[in-house]
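Notebook open, model loaded. I want to look up a few spots and jot down what turns up.

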Amino acid sequence: MLVLVVDSSTPAVTAALVEVSADGVASRAHRCTVDARAHGELLAPQVDAVLADADARPRDLAAIVAGLGPGPFTGLRVGLVTAATMGQVLNIPTYGVCSLDAIGYPAASGAPVLAASDARRKELYWAVYDGAGQRIVGPEVSAPAVAAARARELGATIAVGDGAHRYAEVLDLPVRVEPRYPDATVLALLAAERIRSGASSERLTPLYLRRPDAVAATGHKPVLP
Amino acid sequence: MADEPLILGIETSCDETGVGIVRGHTLLADALASSVEEHARFGGVVPEVASRAHLEAIVPTMDRALTEAGVTLADIDAIAVTSGPGLAGALLVGVAAAKGYAVAAEKPIYGVNHLAAHVAVDTLEHGPLPEPAIALLVSGGHSSLLLVDDLARGVTPLGATIDDAAGEAFDKVARLLGLPFPGGPPIDREARAGDAASIAFPRGLTAAKDLAAHRYDFSFSGLKTAVARWVEARQRAGEAVPVADVAASFQEAVCDVLTSKALAACRAQGIETLVIGGGVAANSRLRAMAEQRAEKYGIQVRVPRPKLCTDNGAMVAALGSHLVAAGVAPSRLDLPADSALPLTTVSV
Ligand SMILES: [Zn+2]
């Protein structure tokens, strides 16, 4: 089954096509551009490009997998609205996966690992995975020092992800180089059971973790002295 | 006219998620989801709240529009979307959605100017627009006077607000008077029972010295402050505020400036058609005053019905339809959402 994967939760804008079969998930085409400010411009042409690379038409798609974040909201929504609208047109199911899972799961190798992406405002989006790659805490958003303390309590011996690179000093954990951003094939792998069983389509709700910045209107400020 | 192109329009520049479908100048569907109630307690539109609401609303709103029109996305000839101006994050949801629809359905896409769409929507009500025309666009986000020579290729800005948008002034005065958000409809309602001549509020940028530099520009900040001073003075004196009179006098001042400048532009350029659009165009006094004053000069005023004046998807579809008919090339798939898209750019 040909499956489209999109993730826009980090500066890496990703579109990929994978083949999901009974015994695995194989990459067919992959486009990724690292640019934190152009998710809206980059993603759709990349979707178009991976279809062309694989010599496929949109109607050949059997499902769409999207990274649900957490991530900076504006960019994150681009991937989710792309997946949702394409799923609607093609009448195929859409499945969501926590984007940090596509960093933490492939990085786990026996011992717990901290996966982190940049949340801006000097904070990280993070989660901790056990030695088998299962998420045990998170996703959460907090200062790097808070994430590091929690990760250490949970026995993490290594950190991974763009956020870990950026805040390596504060985290004070060895940083695994790859994957720095959510891995598209892993996103599909983590949804593979749902894809194979034809599970019902999911509403793609972003993992915002933060409330909108807004203050309720206060009373009128007098203009008379 | 089954052979005319079937155009879909998507609008998400502020707090309304709109999907409209037109065939030629015929409106087939105009589905709308609004997050206005979520913004009410903040006294204004909160961009992030609007963006979140657009993401939730776009798929169901599209479903409703397609059902209403009795068509499928496969039947659509082109997809138009507001690419600006507007709230950056909100625009981006609509632009990304339009691209998702365009890629999946393999259709051309047109990124269009929101303000030009406010002009184009009138064609759904009154047919082809005589060109050149003058357009007055007034809402909570914009107050512009434009010369429309060729709606498919470019409009010329003549003037704009130098501070608050007209709709913003309505919102602020409404709050001052204890009326709900958005302020336009309740002020219009209150004003009907009030005396518009009871309080002489200032008309911004109409003095001779201001006209030299700002002939077609607007200013509503001074008016808003004048209303606030007047209301506060009454309150401090322990007197009741005559809400209806304040609303009527304020509304009169806004409408007076808008219509006099718009008609002055028509007369200076020898133009016989004035189109009024935007949320404030739903104001009953603005409509009446514009028609009354225009009649004297033999100028025809075109104002679409209120539902088409406020932001909606039909206006975007109407502009898309006009662009397709004029043979304008579609946009590229990497078209951006541009919160400051200039008026001179009708399609990107
Ligand atoms: Zn508008």
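This is a predicted model: local features need pLDDT of at least 70, side-chain atom pairs count only at pLDDT 80 or more; totals for chains, interfaces and linings use all residues.

**Entry 1: a buried alanine**

I started with Ala262(B), and it is buried, because its relative accessible area is 0% and the cut-off for buried is under 20%.

What is Ala262(B) in contact with, leaving aside its neighbours within four places in sequence? I got Ile134(B), Leu136(B), Leu145(B) and Leu274(B). I also checked Leu146(B): its C-alpha is 9.0 Å from that of Ala262(B), although 116 residues separate the two in sequence.

**Entry 2: a helix in chain A**

I moved over to helix α4 of chain A, residues 144-153. Its buried residues are listed as Pro144(A), Ala147(A), Ala148(A) and Ala151(A). How do they lie around the axis of α4(A)? They fall within an arc of 100°, so they line one face of the helix.

After α4(A) comes Gly155(A), and I noted its positive phi, near 85°.

**Entry 3: where the chains meet**

I found 39 residues of chain B in contact with 41 of chain A. Together the two chains bury about 3,200 Å², and 68% of that is on carbon and sulfur atoms. Which three residues of chain B supply more of its buried area than any other three? I wrote down Arg52(B), Leu55(B) and Val103(B), which supply 19% of what chain B buries against chain A.

On the polar side, I counted 7 residue pairs in polar contact between the chains, both at pLDDT 80 or more. The rule finds 3 salt bridges across the interface. One of the bridges pairs Arg57(A) with Glu106(B), with 2.8 Å between the closest N and O atoms.

I then went through the helices on chain B's side. At least two residues each come from α2 (47-69), α3 (88-105), α6 (166-176) and α9 (221-236) of chain B. The largest share, 11 residues, is from α3(B). Sorted by class, the side of chain B that touches chain A has 22 nonpolar, 5 polar and 12 charged residues.

Methods:
Residues are numbered from 1 along each chain as its sequence is written. Chains are lettered from A and ligands numbered from 1 in the order in which they are written. Side-chain values use heavy atoms; hydrogens and water are left out. Contact means heavy atoms within 4.5 Å. Buried area is the accessible area (1.4 Å probe) that two parts lose on being put together, summed over both. A salt bridge is a side-chain nitrogen of Lys or Arg within 4 Å of a carboxyl oxygen of Asp or Glu. A polar contact is a pair of N or O atoms within 3.5 Å; within protein, one must be able to donate a hydrogen and the other to accept it, and residues adjacent in sequence count only if both atoms are side-chain atoms. Helices (H or I, at least four residues) and strands (E, at least two) are DSSP runs, numbered from the N terminus. Ala, Val, Leu, Ile, Met, Phe, Trp, Tyr, Cys and Pro count as nonpolar, Asp, Glu, Lys and Arg as charged, and the others, Gly among them, as polar. Buried means under 20% relative accessible area, exposed over 50%, partly exposed in between (1.4 Å probe, protein chains only). The arc is that of the directions from the helix axis to the C-beta atoms.
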